[in-house]
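I opened this model to look at how its chain is put together and what sits inside it. My notes are below, in the order I looked things up.

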Amino acid sequence: MTRHALVTALLAIAFAASATAAQDEPRAVQEIRRVLEELPQYGVFDWITFEHDRGQVTLGGFARDPSLKGAAADAVRRVEGVEQVTNRIETLSNAASDETLRQEIHRAIYRDSPLSRYGKADGTAAIHIVVNRGNVMLAGVVERTDDKRLAELKARSVFGARKVENTLSVSGQAR
């Protein structure tokens, strides 16, 4: 088998596995993900996670805009099949130094970089930059391990970043 054929076969298997996983997800999980992603306050400087278990939803993560915490809980409560929402979303520091660090890391990752393809025209992004009191967390999904490494390198290169935690996932790889 040629290398091209092998790569094509592996990609087909990965796409089939992700399509099957999406089909196996309960409808409520798909809807929760959709309503969270569509929140107008949700952006590149936020990261919201959730767990769903038989109608019980626990929200987690970080919100730069304090109103996002409540908006996320309200949106999830309206999803059919959701009976209870526990909201553990943390509101991030709004210190000027954190805001400057957010902007600098955003520029480092998205401007004139191979990673710029992860930014979308609508202002959303695949690489989320969470900054709290100088500590940085990168979250989201990238296509390649090299992209994950480069994002971390770019974040670490910004003056003022105390600690950088890279939680980016690589699509198609087990977590």
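**Entry 1: the whole chain**

I noted at the outset that this is a predicted model. I counted five helices and eight strands in the protein chain. Reading along the sequence, I wrote down the order as α-α-β-β-α-β-β-α-β-β-α-β-β. The protein chain has 175 residues, and 37% of them count as buried. I then looked at contacts in the protein chain with a separation of 6 or more: residues 24 or more positions apart account for 62% of these.

**Entry 2: helix 4**

I checked the length of helix 4, residues 96-110, against its residue count. At 1.5 Å a residue, its 15 residues should span 21 Å, and the end C-alpha atoms are 21 Å apart, so the two agree.

Which residues of helix 4 are buried? I listed D98, L101, R102, I105, A108, I109 and Y110. Looking down the axis of helix 4, I found these buried residues within an arc of 165°, so they line one face of the helix. An α-helix has 3.6 residues a turn, so residues three or four places apart point the same way. I looked for what covers the buried residues of helix 4 and found that the cover includes strand 5 (127-132), strand 6 and helix 5. After helix 4 comes D112, and I noted its positive phi, near 50°.

**Entry 3: R102**

I picked out R102, which has its place in helix 4. Is R102 buried or exposed? Its relative accessibility is 0%, so R102 counts as buried. Leaving out residues up to four places away in sequence, I found R102 touching F45, R64, L92, S93 and V131.

**Entry 4: the cores**

I went to the largest nonpolar core, which has 24 residues. The residues with the most contacts inside this core are I105, I109, Y110, I127, I129, V136 and L138. Helix 4, strand 5, strand 6 and helix 5 are the elements that give two or more residues to it. The largest share, five residues, comes from helix 4. Apart from this core I found another, of 20 residues, with L36, A63, A71 and A72 among them. In soluble globular proteins, nonpolar side chains tend to be buried together.

I also looked up the contacts of Y110, leaving out residues up to four places away in sequence. Y110 touches V44, L115, S116, Y118, G119, A125, A126, I127 and I129.

**Entry 5: strand 7 and its partner**

I traced strand 6 (residues 135-142) to strand 7 and found that the two run parallel, joined by four bridges. In strand 7, N166 is the bridge partner of L138. Strand 6, helix 5 (residues 145-156) and strand 7 together make a right-handed β-α-β unit.

In strand 7 (residues 163-166), I found V164 and N166 on the covered face, and K163 and E165 on the uncovered one. In a regular strand the side chains alternate between the two faces of the sheet.

V164 has its place in strand 7. What does V164 touch, leaving out residues up to four places away in sequence? I listed V136, L138, E152, A155 and R156. V164 and L138 are 26 residues apart along the chain, and I read 7.5 Å between their C-alpha atoms.

Technical notes:
Residues are numbered from 1 along each chain as its sequence is written. This is a predicted model: local features need pLDDT of at least 70, side-chain atom pairs count only at pLDDT 80 or more; totals for chains, interfaces and linings use all residues. Side-chain values use heavy atoms; hydrogens and water are left out. Buried means under 20% relative accessible area, exposed over 50%, partly exposed in between (1.4 Å probe, protein chains only). Two strands pair if DSSP finds at least two bridges between them. A crossover is right-handed if, with the strands pointing away from the viewer, the path from the first strand over the helix to the second runs clockwise. The expected span of a helix is 1.5 Å times one less than its number of residues. The arc is that of the directions from the helix axis to the C-beta atoms. Contact means heavy atoms within 4.5 Å. A nonpolar core is a set of buried Ala, Val, Leu, Ile, Met, Phe, Trp, Tyr and Cys residues joined through side-chain atoms within 4.5 Å.
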